[in-house]
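The following note sets out several points on the fold and on the division of the chain. Please read it beside the sequence and the coordinates.

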Amino acid sequence: MDQDLTVIRAGHLLDVEAGEMLEDRAVIVRGERIEAVVPFGDGVPSAATTIDLSGHTVLPGLIDCHAHLIGEPESGHGYAVLVTRTAAQEAFSGVRNARATITAGFTTVRDVGTFRALVDCALRDAIEAGDVEGPRMLCAGAYVTCSGGGGDVTGLAPDVDAVVPIDLRFGVANSVDEVRRRVRAILHGGADFIKVIATGAVLTEGTVPGAPEFSEAEIRAAVEEASLYGTFVAAHAHGAEGIKRAVRAGVRSIEHGSLMDDEAIEMMAAAGTYLVADVYFGDWIEEEGTRAGWSKDVLRKNRETTDAQRQGFAKAVKAGVKLAYGTDSGGYPHAWVGKQFAYQVRHGQTPLEAIQTATTNAADLLGWADRVGAVKPGLFADLIAVPGDPTQDVALLESVPFVMKGGRVVKQT
Ligand SMILES: [Zn+2]
């Protein structure tokens with residue numbers, strides 16, 4: 001008996017790369033990684049641990065490419081409220097959010113920003129050390145944003161505004177040179193990639209989603225600096241002009257993309273720029289915001305972007321734009337991170353295509369295709385299982401009873 005070996009019997013195994021459902025397979029896990037995938041009973045070694053998922057469909061652990069694990073869910077009254085919270089409080093919210101995320105079946109996230117700079121990197125490191133339960137994280141560290149822009153703390157009285165601590169404004173930059181400087185500081189601080197706020201935002205008071213907030217030269221400076229460190233830029237961009245500037249500047253992904261026009265879609269398809277569109281979140285803002293009495297401004301901006309984003313998403317599917325699953329979870333409770341699959345299917349994708357956005361495509365976007373995103377030899381044994389066929393009913397991914405990360409069972413109910 002091999003003590004280091006775990007055998008998982010998968011009644012059905014979704015090969016996300018080939019788009020095929022395989023029947024009765026054994027996934028052989030050695031330590032943290034997958035060693036082999038073979039037909040069950042085909043010379044399967046006797047292992048210290050065997051896990052019987054013969055009544056389930058096994059697929060790769062899911063990946064959210066637009067998560068915010070740090071801090072509390074959206075309050076709907078702007079980000080001035082952030083000055084009432086310490087960095088430590090934000091971090092411990094992150095501990096809770098990380099657990100909720102992995103429990104929901106998401107074993108990897110690209111964390112696209114925190115106002116309290118670099119708290120995400122600390123959470124990533126604590127998870128990696130085994131001190132905190134959570135997904136693998138690729139972290140943005142902070143928001144590169146203009147003063148008063150979508151990633152700044154807005155809405156404060158001027159005298160308070162003047163004394164906001166540096167770690168709430170770590171990425172604020174107002175020229176090409178300042179962008180270079182802040183990008184370097186963020187990467188030196190431990191971030192894995194750079195998040196640029198290229199247009200206004202729905203949730204940031206006083207900003208306009210359609211309005212560009214950086215010049216093309218400023219975004220290009222971020223891309224150039226990031227590439228010197230071997231990494232990439234993700235650009236928050238709602239408006240078409242901001243999207244086009246970001247695509248021309250060479251960013252790796254457009255986040256939200258709510259107000260893109262046909263030309264922007266063509267440019268993204270031609271350049272191979274990923275679209276990461278949070279097509280569920282708008283419904284949560286509408287429901288929760290109306291219930292809880294959020295600012296009218298936020299609700300108006302949400303209504304102006306939600307349907308437009310979904311129509312644009314459907315067009316992007318048709319145009320062959322690269323798509324990756326990204327939810328803005330953290331805006332809403334992390335346990336619901338799987339709800340977006342059904343929305344993507346409603347807006348032009350097959351269930352398999354939607355699953356691929358959160359597995360193969362997501363791994364490619366992160367540059368982690370050699371680590372995660374498929375069930376095959378050499379990759380981390382990050383697996384989930386659901387009782388049924390998610391390529392028929394993608395809503396099965398909203399409630400995942402079995403989660404394994406790196407060969408360790410995180411959840412089995
Ligand atoms: Zn976001």
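**Note on strand pairing, helix packing and domains**

1. Strand β11 (residues 253–259) runs parallel to β12, and three bridges join the two. Within this pair, I254 has L275 of β12 as its bridge partner. Pairing of two strands requires at least two DSSP bridges between them. Strands (E, at least two residues) and helices (H or I, at least four) are DSSP runs, numbered from the N terminus.

2. The model is predicted: local features require pLDDT of at least 70 and side-chain atom pairs count only at pLDDT 80 or more, whereas totals for chains, interfaces and linings use all residues. Residue numbers start from 1 along each chain as its sequence is written.

3. The parallel pairing extends over an open sheet of five strands in the order β8-β9-β10-β11-β12. β8 (143–144) and β12 (274–276) are the edge strands; each has a single partner strand, so one side of each lacks a neighbour in the sheet.

4. Helix α6 (residues 240–249) lies across β10 (233–239) and β11, at about 155° to β10. Helix α9 (residues 296–319) also packs on the sheet, where it touches β10, β11 and β12, and its direction makes about 120° with that of β11. Angles run from 0 to 180 degrees between N-to-C directions, with axes fitted as lines to C-alpha atoms, for helices over the stretch in contact. Contact between two residues means that their C-beta atoms, placed from the backbone, lie within 7 Å.

5. Antiparallel pairing is found between β1 (residues 2–15) and β2 (residues 20–30), joined by ten bridges. L13 stands opposite L22 in β2. The two strands form a hairpin with four residues between them, and G19 in the turn has a positive phi of about 70°.

6. β2 is also antiparallel to β3 (residues 33–39), through six bridges. Here V29 has I34 of β3 as its bridge partner. Two residues lie between the strands of this hairpin, in which G31 takes a positive phi near 60°.

7. The domain assignment of the protein chain gives domain 1 (2–61 + 374–412) and domain 2 (62–366); such bounds come from an automatic or database assignment. Their centres, taken over C-alpha atoms, are 31 Å apart. Domain 1 gives 21 residues to the contact and domain 2 gives 20 residues. On the side of domain 1 that touches domain 2, β4 (47–60), β14 (402–405) and β15 (408–412) are the elements that give two or more residues.
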